[in-house]
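Please keep the sequence and the structure in view while reading the points below.

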Amino acid sequence: MASDPVRLSKFLSLVLRHQPETIGLALDARGWVVIDDLIARAAAAGTAFSRADLEHVVATSDKKRFTVSEDGQRIRAAQGHSVAVELGLTPREPPAVLYHGTATRFVEAIMAQGLKPQSRQQVHLSLDHATAVNVGRRHGKPIVLRVDAAAMYRAGLRFYVADNGVWLTDVVPPEFLTTA
Ligand code: HQG
């Protein structure tokens, strides 16, 4: 049943971002696992799927959540980890403005403390307003914060682009945030 693409995608997110140990797997320092190991461990833990099932999920993932290595042997989550990983991304100059979608109930705390990665390794930012609305909706009534990425960059804060195009940074101090 895990070959249902949505279910398999959720399973892969769980294992590759948060709890690889639930199936006796460990991520390497950059978040990769060997696909054959993943398939074998998952099957032993009661979640059987084939290489073709996996490739289907990778290819059709709306957010391109998973990256297969160039040699085709390994897979990792592009971003969203709570497990400590060093994705090995190169710092990049961001667009002048990025967006962060959140829920209205978090805004007061965010404007006081800034954006923090919470349970994940980094803060996730969107290129466009519409994507940010969808990210925020996952948490409740959505609201979009405008991030002055150009000013952060000038101040020496670093930005990265995940394999799937999501912009990442460690924290966003409140002075770079406006509700817009
Ligand atoms: C909020 C999804 C209070 C933050 C999406 C967010 C994304 C604060 C929540 C990816 C805070 C954390 C990540 C502060 C931040 N006080 N609340 N100081 N700082 N927050 O899910 O960005 O579908 O960990 O605003 O598309 O919502 O899983 O982060 O609301 O790319 O592939 O704390 O997950 O992708 O929530 O989402 P999350 P996120 P997937």
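Two residues are taken to be in contact if their C-beta atoms, placed from the backbone, lie within 7 Å. The structure is a predicted model. Its protein chain is divided into domain 1, residues 5-77, and domain 2, residues 97-179, and the C-alpha centres of domain 1 and domain 2 lie 27 Å apart.

**The sheet β1-β3-β2**

- Three strands form an open sheet here in the order β1-β3-β2, and their pairing is antiparallel.
- Strands β1 (33-34) and β2 stand at the edges with a single partner strand each, so one side of each is left without a neighbour in the sheet.
- Helix α1, made of residues 5-18, packs on this sheet and touches β1, β2 and β3, while its direction makes about 85° with that of β3.
- Between β1 and β3 (residues 74-77) the antiparallel pairing runs over two bridges; Val34 stands opposite Arg74 in β3, and the bridge partner of Val33 in β3 is Ile75.
- On the other pairing, β2 and β3 run antiparallel and are joined by three bridges, with Thr67 standing opposite Arg76 in β3.
- Strands β2 and β3 also form a hairpin with five residues between them, and Gly72 in the turn has a positive phi of about 75°.

**The sheet β4-β6-β9**

- A further open sheet of three strands has the order β4-β6-β9, again with antiparallel pairing.
- Its edge strands are β4 (97-103) and β9 (177-179), each of which pairs on one side only.
- Direction ignored, neighbouring strands of this sheet are turned by 35° against each other on average.
- Helix α5, residues 129-137, packs on the sheet and touches β4 and β6, and its direction makes about 25° with that of β4.
- Strands β4 and β6 pair in the antiparallel sense over seven bridges, and Thr102 has Ile143 in β6 as its bridge partner.
- Strand β6, residues 142-148, pairs with β9 in the antiparallel sense over three bridges, and Leu145 stands opposite Thr179 in β9.
- How far is β4 enclosed by the rest of the structure? Five of the seven residues of β4 are buried, so this strand is largely enclosed.

**The shell around the ligand**

- Which residues come nearest to the ligand? Of the 19 residues around the ligand, these are Thr102, Phe106, Ala109, Gln113 and His124.
- The elements that give two or more residues to this shell are β4 and α4 (107-113), and the largest share, three residues, comes from α4.
- Sorted by class, the shell holds seven nonpolar, seven polar and five charged residues.

**Lys64 in its loop**

- Lys64 lies in the loop between α3 (51-60) and β2 (66-68), and its phi is positive, about 45°, although Lys64 is not a glycine.
- Is Lys64 buried, partly exposed or exposed? With 16 C-beta neighbours inside 10 Å, Lys64 counts as partly exposed, because that class lies between the limit of 20 or more for buried and that of 12 or fewer for exposed.
- Leaving aside its neighbours within four places in sequence, Lys64 is in contact with Ala78 and Asn164.
- Lys64 and Asn164 are 100 residues apart along the chain, yet their C-alpha atoms are separated by 5.5 Å.

**Gln118 in its loop**

- Gln118 is found in the loop between α4 and β5 (123-125).
- Phi of Gln118 is near 55°, which is a positive value in a residue other than glycine.
- Gln118 counts as exposed because it has 8 C-beta neighbours inside 10 Å, and the limit for this class is 12 or fewer.

Definitions and conventions
Residues numbered from 1 in each chain as written. Predicted model: local features only at pLDDT ≥ 70, side-chain atom pairs only at ≥ 80, totals over all residues. Domains from an automatic or database assignment. Pairing = 2+ DSSP bridges. Helix = DSSP H or I, 4+ residues; strand = E, 2+ residues; numbered from the N terminus. Axes fitted to C-alpha atoms, helices over the stretch in contact; angles between N-to-C directions. Near = placed C-beta within 6 Å. Nonpolar A, V, L, I, M, F, W, Y, C, P; charged D, E, K, R; others polar.
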